[in-house]
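Me: I am new to this structure and would like to understand the terms used for it. Could you take me through them with care?
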Amino acid sequence: MDDGDRERLLSGAHHDPHGLLGAHPVPDGVLFRTLRPFARAVTVVADSLRAELNDDGDGFFSGVLPLRAVPAYTLLVRYGDTAGADEAEVSDPYRFLPALGELDLHLIGEGRHEELWKALGARPMTHQGVTGTRFTVWAPNARGVRITGDFNYWDGTAFPMRSLGATGVWELFAPGIGEGALYKFDICLADGSHTVRADPMARRTEVPPATASIVTETHYEWQDEEWLAHRADRPVHEAPFSVYEIHLASWRPGLTYRQLADQLPAYVRDLGFTHVELMPIAEHPFGGSWGYQVTGFYAPTSRMGTPDDFRHLVDALHRAGIGVIVDWVPAHFPKDEWALARFDGQPLYEPSDPQRAEHPDWGTLEFDYGRTEVRNFLVANAVYWCEEFHIDGLRVDAVASMLYLDYSREHGQWSPNERGGRENLDAVAFLQEMNATVYRRCPGVVTIAEESTAWNGVTRATHIVGPDGFGGLGFGLKWNMGWMHDSLDYVSKEPVHRKYHHGEMTFSMVYAYSENYVLPISHDEVVHGKGALVSKMPGDWWQQRANDRAYLGFMWAHPGKQLLFMGQEFAQGAEWSEAHGPDWWLLDPSYEAAVDHRGVRDLVRDLNTVYGSTPALWERDTVSEGFSWVEGDAGEDNVFAFLRYDASGSPLLAVSHFSPVVRREFRLGVPDQYSAWTEVLNTDALRYGGSDVLNTDPVKPEPVGSHGRPASIQLTLPPLATIWLRPA
């Protein structure tokens, strides 16, 4: 063997180890060569043939056998000093053809492999009649790549991979390695140095802070066929959609996925939420990031169990009639030296321009959305969660930071796009491709944008070009951050001052139909000194709870879907901490104020119950025909009243009163075709902790014109409360 080839093999810098190792026809027969460091002897075994190879030094063994063709063979490797001691009979990894097909390579090269997880990473399989694991990794700038793991004592010398040409993919089928094996990739960089990296496509990882990837395969048998069969029956924006957001690791600290499956579905179903939204599940090294700094994009975090354990949780939620949304983070990734950053020694997943690569807010790196392979990595990842884990929705984090080149950057820290604008055209194209691919492949799945700017067409179809010259981004829903900020600012004011901020509660209706909205009271609003929802409210404890209940009633009635973060359903007063989760002790009957917290939770349950049975509250969320103001200008009274309509025109009247007084005989105009109105929900009810000022009897309209309508009713408005009425 050429000295150069020998050195490159030993240093892990060879691009074609299969051309040198394994069995190859030569004029005198068949040349066998293997690289087995620390072995004392290697014998070729083929049928009745047993031939010990020559020890060539440095772990190389070779020999020419007088054979006409390459036989099926194994290697008998001895590590002990005497025959029969510490021997292992193994298949030679270098006798196999590539285990990755030409179509896979073509699709990877084109950036169009929508099932990329089936082509890259570690895949247990039977190849040429032998069981083992196919390892593949994309590292186009590497001089060589080796597999290192617990199966070779973390010395990858004997496991160099081969380059599969211009795609930048490296491959090795390793016989005898199966599920549970730990591994990483030892990458030889352009300067000859090495970096050891976790698999970007790993589908299972070690529990942090350990960082190795784990060979895995799913054996889970799903039982949610009925859920999936009917998931797409009704468009999400025309269906009830009430979301309970949770941080899974701290909802009940210490529980596994399977233990959560015994508790979470029952709790969420009891409260009437239609969906849960899980803060990022993908593997992340730092728990304090809440999952938003991802290193294992294809691996559910191992903190709570295996990928199949997570499937079991999703399955249990589906069988309880609850949809599952996960937070997905394609905006950035951390700089950990064992993960994606400068993966093969050069910027690979991140842009080569440092100004474009650095995310100024979080000390992380942005993805290079203009690179086809990176875009493919992310698009396939979105599909992966939906298809492999039956996820019903992806809430895409930090969309605004992706869309703008000048996001959190000062003048001189960014360069305009080819049109001279500040839009990140590559990110726009990526989001459009991701949404189009997910909606095409996964019927009934919804994508949701956390997008905090006025970008036009976030929930517009990708093929419809807007006035800004861009097609829609193609999301199904968008978080209404404006409504959240304005409404929270309003309710945080003392009632006597609210009249000066009345427009903050009505302004959302100016743009309510520009997108398909979700109204979010998320984790971001109850951390970092912002205070829990009930703690934002002014007044004493009774008034805080009353304000909280009135606000929730207003939120559930307002056009748009709704999302509430865990702990807020029972008026937890403290901010959320990922270290200990919700303050469940507040609900303990032995706690003297438990009835107060249980009352708010009972209200949330009833809000969801009435909401789910009242199409007027969700069927026409995204069209103006589903809403009509009755009273939007009563700033002196702190009153808001509006009608919601279902597709058949049947209404619900919602009245919110944000003053701590009782208003009697408050007149509101109503449609005149109904003989009476019945109160179906009152947040001031005694069972919720209120003062029990109710409209107990049906309220009959009078032929007295009001608010532009020929008929009107007179209501008693409870203090700091929202009431809902329907035609009797």
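Reply: Strands here are DSSP runs of E with at least two residues, helices are runs of H or I with at least four residues, and both are numbered from the N terminus. The model is a predicted one, in which local features need pLDDT of at least 70, side-chain atom pairs count only at pLDDT 80 or more, and totals for chains, interfaces and linings use all residues. Residues are numbered from 1 along each chain as its sequence is written, and side-chain values use heavy atoms, with hydrogens and water left out.

Me: Why is Glu 636 called exposed?
Reply: Its relative accessible area is 60%, and the term exposed applies over 50%, whereas buried means under 20% and partly exposed lies in between, with a 1.4 Å probe and protein chains only; therefore Glu 636 counts as exposed.

Me: What does Glu 636 touch?
Reply: Leaving aside residues up to four places away in sequence, Glu 636 touches Lys 499 and Arg 663, where contact means heavy atoms within 4.5 Å. The C-alpha atoms of Glu 636 and Arg 50, by contrast, are separated by 98 Å.

Me: Why is α8 called roughly parallel to α10?
Reply: The axes of α8 (residues 372-388) and α10 (residues 425-441) come within 10 Å and cross at roughly 30°. Angles under 35 degrees count as roughly parallel, over 145 as roughly antiparallel, 65 to 115 as roughly perpendicular and the rest as oblique, so α8 is roughly parallel to α10. These axes are lines fitted to C-alpha atoms over the stretch in contact, and the angles run from 0 to 180 degrees between N-to-C directions.

Me: Which residues of α8 and α10 meet?
Reply: Among them are Leu 378, Val 379 and Ala 382 in α8, and Phe 430 and Met 434 in α10.

Me: What makes β9 and β12 edge strands?
Reply: Four strands form an open sheet in the order β9-β10-β13-β12, with antiparallel pairing, and β9 (121-127) and β12 (162-163) each pair on one side only. Two strands pair if DSSP finds at least two bridges between them, and seven bridges join β9 to β10 (residues 130-138).

Me: How do you know that both faces of β25 are covered?
Reply: In β25 (residues 393-396), Gly 393 and Arg 395 on one side and Leu 394 and Val 396 on the other are all buried. β25 also pairs in the parallel sense with β26 (residues 446-449) over four bridges, and Arg 395 has Ile 448 as its bridge partner there.
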